[in-house]
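Subject: Model for your files

Hello,

Please find the structure below. My notes on it follow.

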Amino acid sequence: MRILGIETSCDETAVALLDFRGSGFKIVKNLVSSQVKIHARYGGIVPEIAAREHVKTIIYLLKEAKISSEIIDVIAVTRGPGLITSLLVGVETAKTLSYAWGKPLVGVNHLEAHIFSAWLRKNKLLKIKFPALVLVVSGGHTLLALMTDYGRYKVIGETLDDAVGEAFDKVAKMLDIGYPGGPIISKLAGKGDPTAIKLPRAMMKSNNFDFSFSGLKTAVLYKVQGLKLKERLLFDMCASFEQAVVDVLVYKTLAAAKKFGVKTVILGGGVSANKKLREELTRGVKKELFATEFLLPPIEYAGDNAAMAAVAGYFNLQKIRNKKNLLGNWRDLEVDPNLEL
Ligand code: KG4
Ligand code: ZN
């Protein structure tokens, strides 16, 4: 089965073609067109511009990937959560192709796609052990959820204010070092001392699995107000901020994994590209959790892409295979900018 994946939930226009055979799959095409340079001058994503860029790009990407009716069996498209005007471009494109080519269409939850990005490491339809714990960290979301089967999730903790990626982006703006903040802070952090500046670890020891990052952001603001950080101090601030975020994420994830006795831990979302988070969570799971498998996406698939949407689409198909009407009717698919896991 060959699945065309389409993703336009935020500021990346993406198209992928995956060929599923037996217990594995091949990534035949994977194209991502990022709008980062366009939004960078505004210091954040401008939704109206993002949507217009998707409209301009999507057909070119499909053409570049040489997608045609003959080479695909199913279309999978991200239908939420995300920016509504961005989502609409991908979903309406997918609906049009589904109608014109007579191909079944399946909607994908973007958060679930980030979870399945871990499957892109081995290109196998991994059979994982349940219950699993998933940590999704992106520009719009920060959540911990229990996964009891494919497609079955229970959110056990969320951020009460900023998402992790958002905190990285806002702190980078305060430090005037560019957009998007995550990769820039992470790079500068490599040259700094993570213990140099004292910053809070909000809610780390709270009696639940929720998060809060706005206090940390404000703490950075107080320390840098009126200053233009350079060299050593800038590197130390980036390293200390990154360490504070990673400490909280790792502590809470391990605590939840222990409490619920999970057999698998999965990391996903744009912030899963963060090296420190990847290393410290890998180490923590190995050291503190017995016989628990840890899955994470290859760095190049941590950010938004359509290959992960195609994998999530494949699993959705298995789930709904026997229920008529749920599969394939382009009329039934609607965007939902607030779609939950
Ligand atoms: O998943 P994603 O590509 O888009 C959303 O669905 O939101 O996540 C984007 C977020 C941005 O906030 C970006 O700053 C952050 O992921 N990010 C990182 C890193 N790479 C991207 N954050 C920390 N460290 C990184 N290396
Ligand atoms: Zn995302």
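A polar contact here is a pair of N or O atoms within 3.5 Å; within protein, one must be able to donate a hydrogen and the other to accept it, and residues adjacent in sequence count only if both atoms are side-chain atoms. This is a predicted model, in which local features need pLDDT of at least 70 and side-chain atom pairs count only at pLDDT 80 or more, while totals for chains, interfaces and linings use all residues. Residues are numbered from 1 along each chain as its sequence is written, chains are lettered from A and ligands numbered from 1 in the order in which they are written, and side-chain values use heavy atoms, with hydrogens and water left out.

Ligand 1

An oxygen atom of ligand 1 lies 3.1 Å from an N or O atom in the side chain of Asp304. For His114, a polar side-chain atom is 3.0 Å from an oxygen atom of the ligand, and a polar backbone atom of Gly270 is 3.0 Å from an oxygen atom of ligand 1. Taken alone, ligand 1 exposes 550 Å², of which the protein buries 86% (Shrake-Rupley method, 1.4 Å probe). The elements giving two or more residues to the shell around ligand 1 are helix 4, helix 5 (164-174) and helix 6 (181-189); helices are DSSP runs of H or I with at least four residues, and strands are runs of E with at least two, numbered from the N terminus.

His110 in helix 4 (residues 110-116) and Asp304 in the loop between strand 10 (293-295) and helix 10 (307-320) are 194 residues apart. His110 counts as buried at 7% relative accessibility, and Asp304 counts as buried at 15% (buried is under 20% relative accessible area, exposed over 50%, partly exposed in between; 1.4 Å probe, protein chains only).

Backbone

Most residues other than glycine have a negative phi, and most peptide bonds are trans. The bond from Gly80 to Pro81 is cis, with omega near -10 degrees, and Tyr179 and Pro180 are joined by a cis peptide bond with omega about -5 degrees. Asp176 has a positive phi near 55 degrees and counts as exposed at 57% relative accessibility.

Regards
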